[in-house]
Amino acid sequence: MKSFIPFSLPLIEEEEKKDVLDALDSGWITTGPRVKQFEKRFAEYINCKNAIAVNSGTAALHLALEAVGLKEGDEVIIPTMTFTATGEVVTYFKAKPVLVDCEEDTLLIDVGKIEEKINKKTKAIIPVHFGGQACDMEEILHLARKYNLKIIEDAAHSLPTKYKSKMIGTFGDITCFSFYATKTITTGEGGMACTENNEFAERMKIMSLHGINKDAWKRYNSEGSWNYEVIEGGYKYNMTDIAAALGIAQLKKCNKFYRRREQIANTYTKAFKEIPEINTPFVKEYGTHAWHLYVIQLDLAMLKINRAQFIEKMKENGVGCSVHFIPLHLHPYYKKAFGYEHKEFPVATNVYERIVSLPIYPKMTNQDVDYIIENVKKIIKKNKR
Ligand SMILES: Cc1ncc(COP(=O)(O)O)c(C=O)c1O
């Protein structure tokens with residue numbers, strides 16, 4: 001057996017290492033010129049007006065909700081099929097995350113089930129571009145206009161993703177990206193909030209650094225001044241120049257990384273096409289898929305093993321798999337705090353039992369991909385009903 005293929009690995013090459021060392025040697029390691037450069041390059045890449053770099057995708061989501069004025073008692077509509085960060089940020093305001101079921105094939109929020117959850121308290125919708133595929137933004141923006149709601153896109157998985165030939169990053173009021181270690185580009189930890197609205201941008205900049213008025217990060221260099229004013233009760237969410245150095249180098253490779261992810265996804269899909277026990281990801285025709293995740297669905301009625309056993313067997317054979325996601329309504333916190341029940345989300349509850357995320361990242365070799373395919377096929381063949 002070959003050595004273990006982990007579920008995810010970042011691809012950090014000489015260029016990144018050199019740029020990070022340069023940042024360390026520069027004498028300016030916290031927020032500084034490299035963060036400004038990363039923001040500028042990211043905004044150019046997305047073709048958006050403002051990009052604000054922060055220390056996580058979660059921080060970006062929090063700042064976005066603050067900027068649009070979320071208040072205690074408000075409600076925010078989010079999918080149940082997401083990571084807890086999407087819901088957690090809503091609770092920071094003592095507001096309520098209102099969960100919506102997902103589509104069975106794409107695992108995206110079921111847009112047709114959003115409207116019934118809208119009421120007077122609803123302030124915003126956070127669509128999550130699950131796995132790297134865009135939600136139907138036209139439909140969501142239509143609801144936003146009809147009910148005067150803010151749209152904060154959770155784009156943690158969707159760099160680079162296109163919806164109707166335009167990059168995700170400018171459709172909603174604010175779009176939040178993540179550069180967590182497993183994401184399509186990484187800064188270790190990091191995030192970016194993009195917006196066309198200058199007021200939201202200004203607010204997020206100020207709140208990301210203690211609520212200190214503009215460009216507080218400059219206060220220790222020759223352009224800055226010791227004198228500053230705290231104009232709001234802010235947060236400590238600024239990105240460091242060390243992280244930004246990594247981000248700038250990674251962003252240059254974003255298209256290359258994307259092509260490799262797409263190649264792996266296509267290889268998987270072709271290989272699994274003839275296996276009736278496996279459903280491969282469904283890709284909508286309106287956009288592109290960033291392939292942050294490759295989620296297969298097992299047809300459990302055709303198998304003698306369940307999903308957990310399948311993952312365990314993959315692990316025994318040296319392949320790390322994962323599950324995206326355990327829907328929020330199945331977690332103790334969301335059940336206890338908001339009283340969610342399984343039956344309210346029949347699709348997510350059901351599909352959760354059969355989803356498996358396979359490794360997909362540019363560092364994988366063709367041999368790794370072949371090895372994974374071979375083992376998926378072997379396990380399925382051995383455990384057919
Ligand atoms: C859908 C989704 N939203 C938000 C986040 C939070 O991003 P970060 O880890 O950068 O805070 C994640 C995960 O990492 C995620 O998967």
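The model on screen is a predicted one.

Now widen the selection to Tyr334, Tyr340 and Phe345: together with Tyr333 and Phe338 they make up one aromatic cluster.

Across the whole structure, a search finds 17 aromatic pairs. For another of them, select phenylalanine 42 and phenylalanine 179. Their ring centres are 5.6 Å apart and their planes stand at 75°, so this pair is edge-to-face; planes over 60 degrees apart count as such. Phenylalanine 42 belongs to helix H2 (residues 33–46), while phenylalanine 179 sits in the loop between strand E8 (174–178) and strand E9 (191–195). The pair links distant parts of the chain, 137 residues apart. Both phenylalanine 42 and phenylalanine 179 are buried.

Next come two places where a charged residue meets a ring. Select lysine 166 with phenylalanine 171: the lysine lies over the face of the ring, 4.8 Å from the ring centre. Then select arginine 307 with tyrosine 352, where the arginine lies over the ring face at 4.5 Å from the ring centre.

For the last stop, go to helix H1 (residues 14–25) and pick out leucine 21, which lies in it.

Terms used
Residues are numbered from 1 along each chain as its sequence is written. This is a predicted model: local features need pLDDT of at least 70, side-chain atom pairs count only at pLDDT 80 or more; totals for chains, interfaces and linings use all residues. Side-chain values use heavy atoms; hydrogens and water are left out. Rings of Phe, Tyr and Trp (its six-membered ring) pair if their centres lie within 6.5 Å; planes under 30 degrees apart count as stacked, over 60 as edge-to-face and the rest as tilted. Helices (H or I, at least four residues) and strands (E, at least two) are DSSP runs, numbered from the N terminus. Buried means under 20% relative accessible area, exposed over 50%, partly exposed in between (1.4 Å probe, protein chains only). A charge sits over a ring if NZ of Lys or CZ of Arg is within 6 Å of the ring centre and within 35 degrees of the ring normal.
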